[in-house]
Amino acid sequence: MLPASLWWLEESGLAHWGGLDMTALRMDQAYVRVHNVEEEDPLWLYSLSEDCHECPYRRTADVSGEGPHILKVNTARGATWRLYTNGENDTVAREDTRWASCEVPARLGEFGVYDLHVNGTDCMLHTDREPANVLFPLAGVAVVLLALAVLHGAVSLVASCFGRRQRRRREAKRTASSGVAAGARAEDDRRLQHDGYKVHLNGNGRKLLDADTPSASPSPSSSIATTPAVPTPARRRVRSVDVVRGISIVLMMFVNHGAGGYWFLSHATWDGLYVGDLVFPWFLWIMGVCIPLSIRPQLAKGASRCRLLLSVLRRSVVLFALGVAVTSLSGSRVEALRVMGVLQRLGVSYLVAASLAVLMTPRRWGAAAVDMDKARGRSPGVFADVLVLLPQWVVVLALAAAHVVAFFLLDVPDCPRGYMGPGGVHMDGAFANCTGGAAGYVDKLVLGQEHLYPTPGSHAVYGSGPFDPEGLLGCLTSVLQVFLGVQAGSALVTFPSWRSRVVRWFAWAVVLAVAGICGWYFGGIPINKSLWTVPFVLLTSSLALILLCVCYLLVDVWRCWTGSPFLYPGMNALVMYIGHQLCYQLFPFHWQLGPMNTHLMVLLENVWGVLLWILVAVLMYRRKVFVSV
């Protein structure tokens with residue numbers, strides 16, 4: 001339980017209520033006392049969670065005879081309860097009301113105490129003790145983090161202003177010193193000329209000539225030396241790309257740590273789009289943005305495409321190998337080793353997208369082509385960045401189409417065509433062994449069931465079998481995700497104006513959002529991370545474009561935000577990901593204090609771990625240590 005001084009954040013701090021031990025409750029739990037008024041026998045409570053779509057009611061407890069019957073129930077999601085007088089079956093179809101006595105919706109709260117009165121065909125649910133507001137801890141921690149961010153910004157602003165003032169003073173002193181020296185030299189020259197000498201300047205200093213010596217014009221070499229060379233301005237790094245990558249990896253660490261126990265900050269059980277579902281596709285997408293920024297200058301300098309392909313292959317193999325090593329943390333038995341995973345999906349997607357860029361990108365493209373067009377008095381065409389990627393678009397769209405065709409046309413044993421459900425009890429268990437449809441079938445066929453993720457997120461709700469959310473079939477649409485990032489990055493190397501870039505990114509965001517919604521609403525394809533469906537790719541890429549627009553304006557255009565603290569983990573994202581996976585159960589990144597039975601304590605622990613990794617990233621940045629593959 002929390003200290004009494006923190007009761008307002010999540011709970012009242014009372015240890016007992018009506019004879020119930022409140023300290024025995026865990027996060028997202030409440031007590032329900034079932035009163036069987038007519039003492040019906042038998043009487044069974046069945047429950048259907050709102051998170052389980054097209055599911056049957058599941059048997060929860062025997063509430064026969066005299067009560068009250070004390071139940072601990074989960075309050076994270078709402079549910080619907082039915083009382084049945086026949087409890088022979090573990091599950092009962094929603095349409096089956098033959099033995100149903102009554103039905104009641106149940107939206108309960110954490111640490112609440114409730115009374116369910118069953119009187120024949122009448123059910124009434126009453127609140128005996130008000131539940132805790134689980135959003136208070138989230139709001140409180142968010143306010144504290146925001147205050148720290150404002151404080152950090154204020155301190156950085158003061159330090160920046162003080163630093164600029166100091167630099168101005170030093171420059172003024174140097175200017176004054178150089179002015180005094182220049183005046184002294186001018187006075188010396190006047191004296192020398194008064195004595196009959198001529199003074200000529202060359203690139204190395206002063207040269208004194210006698211007044212009777214013929215005055216020669218400066219040599220060509222002298223005049224060249226006196227002309228200062230104009231340095232070619234270096235292109236400024238687009239820091240917002242690193243900031244977006246940093247936001248992605250910070251959110252990924254927070255979600256993997258537990259997201260404070262909040263379901264809407266974690267991953268959707270099957271269909272849907274929650275905060276946790278954004279981080280991995282954003283990471284893939286921002287990797288695509290960097291591909292043209294890396295490939296274009298190398299091609300412009302005449303680099304061999306074969307050498308670039310070998311570099312892409314090397315990086316992909318290293319990412320895949322690191323991914324297999326990370327997934328082995330949960331078990332290193334070779335016969336049950338999980339093959340696919342996050343880094344593996346990154347490696348495969350990067351291999352395809354970067355190889356297409358190396359093979360199909362023209363050498364005269366991007367800034368060099370824009371400069372040449374400017375010299376000819378022309379500006380880049382409206383669709384210049386799209387047309388240059390047109391061959392790649394053809395290949396990537398073909399891969400996305402293959403993903404859709406596989407689901408709707410591939411024959412999967414004991415599974416209807418087009419099935420994209422979680423299996424288990426979905427659709428009353430009609431396709432219990434058909435988790436993921438074609439995606440699950442391809443993985444079992446190629447990788448083997450023993451090499452899949454044994455307990456996916458849908459297992460707890462639907463009872464799904466082994467399934468890999470980073471499986472083989474999803475790699476096809478992951479390439480589309482990376483390539484949409486390539487398209488966004490091509491605007492950076494094609495259009496020099498920030499307005500042109502932002503307008504194009506925002507336009508792409510609207511187009512992708514509309515296409516994704518249409519594919520879901522009219523095409524019947526769900527928004528699903530586990531299957532990595534096309535609508536999921538389009539919507540998450542749309543949100544990534546909006547995020548990049550905001551960060552680009554704040555960081556690179558208006559320069560009112562340095563990107564801190566997200567810039568630092570964004571510069572060492574691979575270290576952040578592997579590090580937080582390796583240190584998942586190690587102190588001080590993780591700790592436990594007391595029962596850890598509230599969102600507040602879990603949230604504090606999760607935020608603490610993320611902040612420590614940000615600190616590691618800051619130290620690496622200060623020491624100029626950047627790790628990549």
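In the predicted model, helices H5 and H15 are roughly perpendicular to each other, because angles of 65 to 115 degrees count as such and the axes of H5 (residues 279-300) and H15 (residues 534-557) cross at roughly 70°, which therefore places the pair in that class. The two axes come within 9 Å, and the crossing of H5 and H15 is right-handed. On the side of H5, the contact is made by Pro281, Trp282 and Trp285, while H15 contributes Phe536, Thr540, Ser541, Leu543, Ala544, Leu545, Leu547 and Leu548. Classified by residue type, this contact of H5 with H15 comprises nine nonpolar and two polar residues, with no charged residues.

Helix H5 also packs against helix H7 (residues 342-360), the axes of the two coming within 10 Å and crossing at roughly 35°. The crossing of H5 with H7 is likewise right-handed. Here the contact draws on Phe280, Phe283, Leu284, Met287, Ile291, Ile295 and Leu299 of H5, which meet Val342, Arg345, Leu346, Ser349, Tyr350, Ala353, Ala354, Ala357 and Val358 of H7. By class, the contact of H5 with H7 consists of 14 nonpolar residues, one polar residue and one charged residue.

These helices belong to a protein chain that contains 18 helices and 13 strands. Of the 629 residues in the chain, 45% are buried, and the accessible surface comes to about 31,600 Å², with carbon and sulfur atoms accounting for 62% of that area. Among contacts between residues at least 6 apart in sequence, 70% join residues at least 24 apart.

Definitions and conventions
Residues numbered from 1 in each chain as written. Predicted model: local features only at pLDDT ≥ 70, side-chain atom pairs only at ≥ 80, totals over all residues. Heavy atoms only, no water. Axes fitted to C-alpha atoms, helices over the stretch in contact; angles between N-to-C directions. Helix = DSSP H or I, 4+ residues; strand = E, 2+ residues; numbered from the N terminus. Parallel < 35°, antiparallel > 145°, perpendicular 65-115°, else oblique. Left-handed = near helix turned anticlockwise from the far one by under 90°. Contact = heavy atoms within 4.5 Å. Nonpolar A, V, L, I, M, F, W, Y, C, P; charged D, E, K, R; others polar. Buried < 20%, exposed > 50% of the residue type's maximum accessible area, 1.4 Å probe, protein only. Areas by Shrake-Rupley, 256 points an atom, 1.4 Å probe, with all protein chains shown as cover.
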